Amino acid sequence: MGQNITLTAKDGFKLGAYRADPQGKPRGGIVVIQEIFGVNHHIRSVTDRYAALGFLAIAPAVFDRVEKNFETGYDGSDMDKARATVGKADLNLRLADTQAAIDVAKEAGKVAVIGYCMGGSISFLAATRLENVACGVGYYGGQIAQFCSEKPKAPLMLHFGEKDQSIPLSDVEKIKAAQPNVPVFVYAGAGHGFHCDERGSFNAEAAQVAACRSQEFLLKHIG
């Protein structure tokens with residue numbers, strides 16, 4: 001369904017992206033922000049799913065400034081490589097590259113930014129810092145607590161797992177206290193990465209409930 005495209009950030013940097021178009025007129029645009037594993041098979045699949053729901057969906061390769069076409073799986077050696085790569089990726093440049101995707105996705109109308117793991121944090125910051133963001137959805141973003149005092153310019157929805165070994169519930173409570181108008185959902189028994197059906201931490205029930213909530217949120221805010 002999708003195709004590889006090239007985006008151009010405002011500083012002139014060219015990065016790759018995966019784009020999936022819906023059949024017929026799109027109801028809006030969605031920018032899908034990767035986990036630390038790159039725009040891999042799972043993220044392309046997620047992008048395709050949003051296109052199947054009627055959205056123009058674009059997943060920018062926000063690690064391209066570190067390593068072009070970076071993607072890994074989820075085993076031990078891949079996890080180490082992914083963690084090393086995200087450590088080299090400047091946050092402000094990842095946001096600039098997210099903006100480049102938003103600027104293309106807005107051809108479809110209002111734009112949502114949806115992210116997973118690292119992308120969940122980017123989605124939060126997209127709603128507080130970037131332009132032309134109609135709403136944001138973040139799944140288990142580990143850096144959100146660090147930035148939770150920032151004021152959103154667009155509606156947000158956040159999802160976390162109760163058993164997330166990377167994000168303590170104290171961080172989730174900190175986010176709730178700082179953002180009382182943001183719906184924050186915690187899924188019983190779910191761990192980090194519960195949305196990804198290619199990881200051992202996949203939790204089908206939590207993933208389904210979170211997906212339904214997210215889709216309702218998208219329909220409300222972008223069409």
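User: Is Cys135 buried or exposed?

Analyst: Keep in mind that this is a predicted model. Buried means a relative accessible area under 20%. Cys135 has a relative accessible area of 0%, so Cys135 is buried.

User: Which cysteine sulfur is the closest to the sulfur of Cys135, and how far away is that sulfur?

Analyst: Start with the general idea. A disulfide is a covalent bond between the sulfur atoms of two cysteines. Now the case here. The closest cysteine sulfur to that of Cys135 is in Cys212. The distance is 16 Å, so the two are too far apart for a bond.

User: What about Cys117?

Analyst: The sulfur of Cys117 has its closest cysteine sulfur in Cys196. They are 10.0 Å apart, which is too far for a bond. The cut-off for a disulfide is 2.5 Å between the sulfur atoms. Cys117 is also buried, with a relative accessible area of 11%.

User: How does the lining of the largest pocket divide by class?

Analyst: Seven residues are nonpolar, six are polar and three are charged.

User: What is the volume of the second largest pocket, and which residues lie nearest its centre?

Analyst: Its volume is about 260 Å³. The second largest pocket is lined by 16 residues. Arg49, His195, Ala207, Ala211 and Gln215 lie nearest its centre.

User: Which helix gives the most to that lining?

Analyst: H7 does, with seven residues. Helix H1 (41-52) and helix H7 (204-221) each supply at least two residues. By class, the lining of the second largest pocket has 10 nonpolar, four polar and two charged residues.

User: Now for closed spaces. How many cavities of 30 Å³ or more does a search of the whole structure find?

Analyst: One. A cavity differs from a pocket in that a probe fits inside a cavity but cannot get out. About 40 Å³ of space lies in the largest cavity.

User: Which residues line the largest cavity?

Analyst: Val62, Arg65, Val66, Ala89, Asp90, Leu93, Arg94 and Asp97. Sort them by class next. Four are nonpolar, none is polar and four are charged.

User: Arg65 and Asp97 are both in that lining. What do their side chains form?

Analyst: First, the general idea. Side chains of opposite charge can pair when their charged atoms come close. Here, Arg65 and Asp97 meet in a salt bridge, at 2.8 Å from N to O. The pair links distant parts of the chain, 32 residues apart. Arg65 is in the loop between strand S4 (56-60) and H2, while Asp97 is in helix H3.

User: How accessible are these two, Arg65 and Asp97?

Analyst: Arg65 is partly exposed, with a relative accessible area of 26%. Asp97 counts as buried, at 0% relative accessibility.

User: Which residues are linked with Arg65 in a network of salt bridges?

Analyst: Asp11 and Asp97 are linked with Arg65 in that network.

User: How many salt bridges does the structure hold?

Analyst: The structure holds 12. Arg19 takes part in salt bridges with Asp21 and with Glu107.

User: How far apart are the closest N and O atoms in those pairs?

Analyst: For Arg19 and Asp21, the distance is 3.0 Å. For Glu107 and Arg19, the distance is 2.8 Å. The pair of Glu107 and Arg19 links distant parts of the chain, 88 residues apart. Glu107 sits in the loop between helix H3 (91-105) and strand S5 (111-116), and Arg19 in strand S2 (residues 14-20).

User: Which of Arg19, Asp21 and Glu107 count as buried, partly exposed or exposed?

Analyst: Arg19 counts as buried, at 13% relative accessibility. Asp21 counts as partly exposed, at 31%. Glu107 counts as exposed, at 55%.

Methods: Residues are numbered from 1 along each chain as its sequence is written. This is a predicted model: local features need pLDDT of at least 70, side-chain atom pairs count only at pLDDT 80 or more; totals for chains, interfaces and linings use all residues. Side-chain values use heavy atoms; hydrogens and water are left out. On a 1 Å grid over the protein atoms alone, a cavity is a set of points where a 1.4 Å probe fits but cannot get out, and a pocket is an open set with protein on both sides within 12 Å along at least five of seven lines; lining residues have an atom within 4 Å of a point. Grid points are joined across faces, edges and corners, and a volume is the space filled by probe spheres set on the points. Ala, Val, Leu, Ile, Met, Phe, Trp, Tyr, Cys and Pro count as nonpolar, Asp, Glu, Lys and Arg as charged, and the others, Gly among them, as polar. Buried means under 20% relative accessible area, exposed over 50%, partly exposed in between (1.4 Å probe, protein chains only). Helices (H or I, at least four residues) and strands (E, at least two) are DSSP runs, numbered from the N terminus. A salt bridge is a side-chain nitrogen of Lys or Arg within 4 Å of a carboxyl oxygen of Asp or Glu.
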